[in-house]
2 protein chains.
Amino acid sequence: MPFDSTTLYEGLVANGLIIPSGVQGVFGRNAVFEEVLERFNGLISRLALNDGAEKMTFPPILPRQVFEQSGYMKSFPQLAMGVTSFCGCAADHGELVRRIEESEPYDDLMAPAGVMLMPAACYPVYPSLAGTLPHGGRLFDMTHWVFRHEPSSEPTRMQSFRVREFVRAGSPETVIQWRDTWLARGLELLLSLELPARSEVASDPFFGRGGRMLASNQREQKLKFEVVIPVISIENPTAVCSFNYHQDHFSQTFGILQADGQLAQTACLGFGLERVCMALFRHHGFRPELWPQSVRSLLWT
Amino acid sequence: MPFDSTTLYEGLVANGLIIPSGVQGVFGRNAVFEEVLERFNGLISRLALNDGAEKMTFPPILPRQVFEQSGYMKSFPQLAMGVTSFCGCAADHGELVRRIEESEPYDDLMAPAGVMLMPAACYPVYPSLAGTLPHGGRLFDMTHWVFRHEPSSEPTRMQSFRVREFVRAGSPETVIQWRDTWLARGLELLLSLELPARSEVASDPFFGRGGRMLASNQREQKLKFEVVIPVISIENPTAVCSFNYHQDHFSQTFGILQADGQLAQTACLGFGLERVCMALFRHHGFRPELWPQSVRSLLWT
């Protein structure tokens, strides 16, 4: 199979693994896709088993206030997705229905709903940490649906996907050591599935001209790493695991202190679960029953 | 414990089972809550094991066109949640950031994103059925996050929650017989967990004055059933499982035919997974390790 976006997308569709919805970057996953995703997520759970992480699950919407405080709109406005609702009376409703029937815009009849779509899996954790952390800090484990407004025919560029995310809050040493441990674990896990993974220094897609400077600083300070695998291109491999060291960004914003009263630091890491599945389908074929025995026995034990 | 919304909410929070977010109807679930939810969902899977359902998983956003075609805005505009995104240039971005910093509205800088939040777990299935069904029809199995704009301090009234949903499409007899089988199964499952469940004819919360007529028709024709359990009130028990017989509403809309060329019919049923958990916590206490042995052994085997 060539490294090519169209070939991968068409293969996934032809094998029933994904079900197009009519909107780019929004599609269903079938039972086989989900089985692979759940099995891979299970391998991560096994790696994390003795870490003592606190598991939390949040719905896919985030309070608008938390979203605004986090500064997401400064850095990534192009990816953000807001939520609106209809709060009108019966007359407004008549107008709403008429406009839909006549294919006219009706967004002026909708009002902001007080929430945004979850931009990243770790965001709901930080406000819940406001105050003083216990000695040794805290560690969280989540699997969340997240959203990016970047409609694309490229299958790994989804408007909504699941991320298995861990967040560490504590002293700088604790946080960096934890990040490094998981960078090694993540790489090893993906290599054990016979995927040509490698880690690299990376940057976030900051918006606009000022964003280039932010991205360059982020690289220089090595605040972001990614584990990448060729999925739709050899030259531009796909990030399947991402490690962000926030220093005290979220701790300043939400008031998170170490046990000794100093400002805490945070880092997070996330596995893009659908992207890992697509990497497996790309490298081992669309039928898991024909995958190398070593890969099968890792996933199905 | 009295049947009272505040008592249940405060008990869930005090025991760490839910984590408030600052927005009503939006909260995190801890590991214990999730374990109960997953175990209960597993019991449903066991009941469905030999039905041959096709499993599908869709992200929490639905193409706007599908949403509009489905007629949701005619019936339930007050519950709908739309999605917006920022598509502006650098100058607009400066203005966006300034307005957020000064707590001014910025929704006029956002544009409709072509998707809506998933209003009900079954909605993405119908457009994918356009065409002719195989002999015997089709059956689908999904667990989806769904959204209702009804902020409330009442814990069972969430803005976002998970539904385990099945959809049957086929002849009227097939569809009604399937619905009746699951009505008995659902009731039996909840009774086996020592919950005081009962089934009843129900209606949807149609909008406005015209809505009362629609609700009354729905009841008369027995198109909707619910399994209800007292959770926050004895007089107004909470629906934990809902059965909707659509007749040919979706088949007409999306063009779904039986193998013999006649218009198909559809029905769906959904278990409100968080509500079932809350019913278990309300009736058996906030600590699953102290639940009746019979309930524990059902869930933990």
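Through which surface do chain B and chain A, the two copies, meet? They meet through the same surface, because 100% of the interface residues of chain B are also interface residues in chain A. This is a predicted model, in which local features need pLDDT of at least 70 and side-chain atom pairs count only at pLDDT 80 or more, while totals for chains, interfaces and linings use all residues. Residues are numbered from 1 along each chain as its sequence is written, chains are lettered from A in the order in which they are written, and side-chain values use heavy atoms, with hydrogens and water left out.

**How the copies are related**

- A rotation of 180° with 0.0 Å of shift along its axis places chain B on chain A with an RMSD of 0.0 Å, the copies being superposed by least squares on the C-alpha atoms of residues with pLDDT of at least 70 in both.
- That is the relation of a two-fold axis, and in chain B the C-alpha nearest the axis belongs to B:Val83, 2.3 Å from it.

**The interface**

- In chain B, 58 residues are in contact with 58 residues of chain A, where contact means heavy atoms within 4.5 Å.
- The two chains bury about 4800 Å² between them, 69% of it on carbon and sulfur atoms; buried area is the accessible area (1.4 Å probe) that two parts lose on being put together, summed over both.
- On the side of chain B, B:Lys55, B:Thr57 and B:Met73 lose the most area to chain A, together 11% of what that side buries.
- Between the chains there are six salt bridges, each a side-chain nitrogen of Lys or Arg within 4 Å of a carboxyl oxygen of Asp or Glu, and the side chains of B:Asp107 and A:Arg64 meet in a salt bridge at 3.0 Å, N to O.

**Two residues of chain A**

- A:Gln258 lies in the loop between β13 (256-257) and β14 (265-272), strands being DSSP runs (E, at least two residues) numbered from the N terminus.
- A:Gln258 is buried, with a relative accessible area of 12%, whereas A:Arg198 counts as partly exposed at 43%; buried means under 20% relative accessible area, exposed over 50%, and partly exposed in between (1.4 Å probe, protein chains only).
- Leaving aside residues up to four places away in sequence, A:Gln258 touches several residues, including A:Thr132, A:Pro172 and A:Leu263.
- A:Arg198 lies in strand β10 (residues 198-201) and, apart from its neighbours within four places in sequence, is in contact with residues including A:Leu187, A:Glu226 and A:Pro237.

Note on methods: Helix = DSSP H or I, 4+ residues; strand = E, 2+ residues; numbered from the N terminus.
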